[in-house]
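Open the model in a viewer and keep the selection tool at hand. The tour goes from the surface to the core and then to the charged pairs.

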Amino acid sequence: MPKIIASDSTYLNHSIVKVWEVISDFNSYKKWWPAVVNLEVLNTSPQIIGSTLVAKPFNGRSFSIKAVEAKPFSEIKLKYFAGIYSGDGRWIFESVNDKTKLTYEVNLIITDKFTKVIAWIVPVSKIHSLIFKKIFRSLEKYLEELK
């Protein structure tokens, strides 16, 4: 069965507290995610758990993500539960010399028939990682604007 398995990291020139504040605030995602990934916030929670997004990539098929566990300044676990994927994702936070190492990991099963066919031809895990490089750059820019 076609999958997307990826782990992507970046070092951000910001404290773990500041990075946590942004990543744990699902309402802020629309401010720093690339415009080609249209995000809709369905639900937010001060405890993070239950916060839900729907991503509608330009010329792509949508998928939904819900926060299912949060360990402050350490990790946010996510469940992909509707749309073209099912599986798990997680943000991992590490403080390193006044910077933050931020990692995003996914282990997804592709459930959409059309996307499954594409996944046999196109390296979808590598494409996911390329997209996350753009997301990380947008996040860094947004964090700079907050200073």
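A residue counts as exposed when its relative accessible area is over 50%, and as buried when that value is under 20%. The model shown is predicted.

Select Trp120 to start. Its relative accessible area is 66%, so Trp120 is exposed. The residue sits in helix α3 (residues 113-121).

Next, go to the largest nonpolar core, which has 40 residues. Ile23, Tyr29, Trp32, Ile76, Trp91, Phe93 and Leu102 have the most contacts inside it. Helix α4 (residues 124-146) supplies the largest share of this core, with seven residues. Centre on Tyr29: beyond its neighbours within four places in sequence, Tyr29 is in contact with Val22, Ile23, Leu39, Leu53 and Trp91.

Now turn to the charged side chains. The whole structure has nine salt bridges. Select Lys56 and Glu40, where the closest N and O atoms are 3.1 Å apart. Lys56 lies in strand β3 (residues 52-57) and Glu40 in strand β2 (residues 37-43), 16 residues apart.

Then select Arg90 and Glu105, which form a salt bridge at 2.8 Å, N to O. This pair links strand β6 (residues 85-96), which holds Arg90, to strand β7 (residues 99-110), which holds Glu105.

Finish on Lys71 and Glu75, whose salt bridge spans 3.6 Å, N to O.

How values were computed. Residues numbered from 1 in each chain as written. Predicted model: local features only at pLDDT ≥ 70, side-chain atom pairs only at ≥ 80, totals over all residues. Heavy atoms only, no water. Helix = DSSP H or I, 4+ residues; strand = E, 2+ residues; numbered from the N terminus. Buried < 20%, exposed > 50% of the residue type's maximum accessible area, 1.4 Å probe, protein only. Core = buried A, V, L, I, M, F, W, Y, C linked by side-chain atoms within 4.5 Å. Contact = heavy atoms within 4.5 Å. Salt bridge = Lys/Arg side-chain N within 4 Å of Asp/Glu carboxyl O.
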